[in-house]
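Here are some friendly notes to read alongside the model. Keep the 3D view open and look up each residue as we come to it.

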Amino acid sequence: ALRFAGRKSILSELGSRIETDYSDFNLDNPSSYELKDPALQSAWVNICVYLRARNVQRPAFRILRNGKEQASGPLIQLFQSPNPDMSASSLWYWSQLWFDLEGEFFWWWGPDYKAGIPNQIFVLNPRRMYFEKFTKTWTYTNDEGVQIPLKPEEFVHVFEPNPWNPMRGIAPMAAPVSYTHLTLPTIYSV
């Protein structure tokens with residue numbers, strides 16, 4: 001196994017993470033089935049989600065104005081280079097990936113945004129977004145655990161309508177999981 005500076009191997013770290021965070025089904029307790037991360041728990045979901053994301057990122061992005069393709073301008077520059085760490089195709093890839101996995105994605109204009117056309121776009125992990133219903137504010141928790149309050153004009157939230165929570169999207173996997181909760185205990189009960 002690979003080891004770095006006395007840390008656990010990458011494989012053992014991943015294995016323990018999968019065992020503790022992503023256990024999905026226990027035959028001794030069939031009603032314990034929980035879909036925590038569909039891309040890790042189902043090969044078919046993984047294949048479909050990643051193929052769709054790759055297909056969405058492939059076509060060249062174009063902006064048309066009065067039927068004519070625009071070759072330059074701030075909007076063209078923004079979508080060609082969304083931020084220093086992301087290419088145009090990565091923007092579409094990650095947006096589609098989160099949309100398929102979580103039923104939503106968030107584009108944040110970055111910490112320096114003031115008004116108008118943004119200079120940057122960051123795709124935020126929807127699993128780290130929190131909506132406070134009493135104050136009607138969104139907060140994003142970054143990799144370091146720092147909570148960043150977001151104003152409505154600083155981001156775009158694209159989501160599939162969710163009948164249980166109008167502020168969040170609903171993943172396409174919600175229906176199969178609900179069905180699984182109903183059928184697995186019946187199938188495996190003796």
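1. Let us begin with a term. A salt bridge is a side-chain nitrogen of Lys or Arg within 4 Å of a carboxyl oxygen of Asp or Glu. Side chains of opposite charge can pair when their charged atoms come close. The side chains of Arg127 and Glu102 do this, with N and O 2.6 Å apart. Arg127 sits in the loop between β4 and β5 and Glu102 in helix α5, so the pair ties together parts that are 25 residues apart in sequence. (Helices, H or I with at least four residues, and strands, E with at least two, are DSSP runs numbered from the N terminus.)

2. A word on the source: this is a predicted model, in which local features need pLDDT of at least 70 and side-chain atom pairs count only at pLDDT 80 or more, while totals for chains, interfaces and linings use all residues. Residues are numbered from 1 along each chain as its sequence is written, and side-chain values use heavy atoms, with hydrogens and water left out.

3. How many salt bridges does a search of the whole structure find? The search finds five. One of them joins Arg52 and Asp100, at 2.7 Å from N to O. Arg52 belongs to helix α3 and Asp100 to helix α5 (residues 88–102), so this pair ties together parts that are 48 residues apart in sequence. Another salt bridge links Arg62 with Glu69, whose closest N and O atoms are 3.8 Å apart.

4. Are the residues of these pairs buried or exposed? Here, buried means under 20% relative accessible area, exposed means over 50%, and partly exposed lies in between (1.4 Å probe, protein chains only). Asp100 counts as buried at 10%, whereas Arg52 is partly exposed at 45%. Glu69 is partly exposed too, with 48%, and Arg127 is partly exposed with 35%.

5. Now look at strand β3 (residues 104–108). Five of its five residues are buried, so β3 is largely enclosed by the rest of the structure. Both faces are covered: Glu104, Phe106 and Trp108 are buried on one side, Phe105 and Trp107 on the other.

6. Which strands does β3 pair with? Two strands pair if DSSP finds at least two bridges between them. Strands of a sheet pair through backbone hydrogen bonds, either parallel or antiparallel. β3 pairs with strand β8 (residues 155–159) in the antiparallel sense over five bridges, and Glu104 has Phe159 as its bridge partner there. Three bridges join β3 to strand β4 (residues 122–124), and these two also run antiparallel. In β4, Val123 is the bridge partner of Trp107.

7. Leaving aside neighbours within four places in sequence, Trp109 is in contact (heavy atoms within 4.5 Å) with Pro118, Gln120, Ile121, Glu153, Glu154, Phe155 and Val156. From Trp109 to Val123 is 14 residues in sequence and 9.1 Å in space, C-alpha to C-alpha.

8. Next, find the open sheet of three strands, in the order β5-β6-β7, with antiparallel pairing. β5 (129–132) and β7 (147–150) stand at the edges with a single partner strand each, so one side of each is left without a neighbour in the sheet.

9. Follow this sheet strand by strand. Four bridges join β5 to β6, and Glu132 stands opposite Thr137 in β6. The hairpin of β5 and β6 has four residues between the strands, and Lys136 takes a positive phi near 55°. Strand β6 (residues 137–141) then pairs with β7 over four bridges. Tyr140 stands opposite Ile148, and Thr139 stands opposite Pro149. The hairpin of β6 and β7 has five residues between its strands, and Gly145 in the turn has a positive phi of about 90°.

10. Last, turn to helix α3 (residues 43–57), where Ile47 lies. Ile47 is partly exposed, with a relative accessible area of 42%. Together with Trp44 and Leu51, Ile47 forms a nonpolar patch on the surface, with about 350 Å² of accessible area in all. Patches are made of residues with over 30% relative accessible area and no salt bridge: like charges are joined within 9 Å, and nonpolar side chains (Val, Leu, Ile, Met, Phe, Trp, Tyr) within 5 Å. Accessible areas come from the Shrake-Rupley method with a 1.4 Å probe, and for residues only the protein chains shown count as cover.
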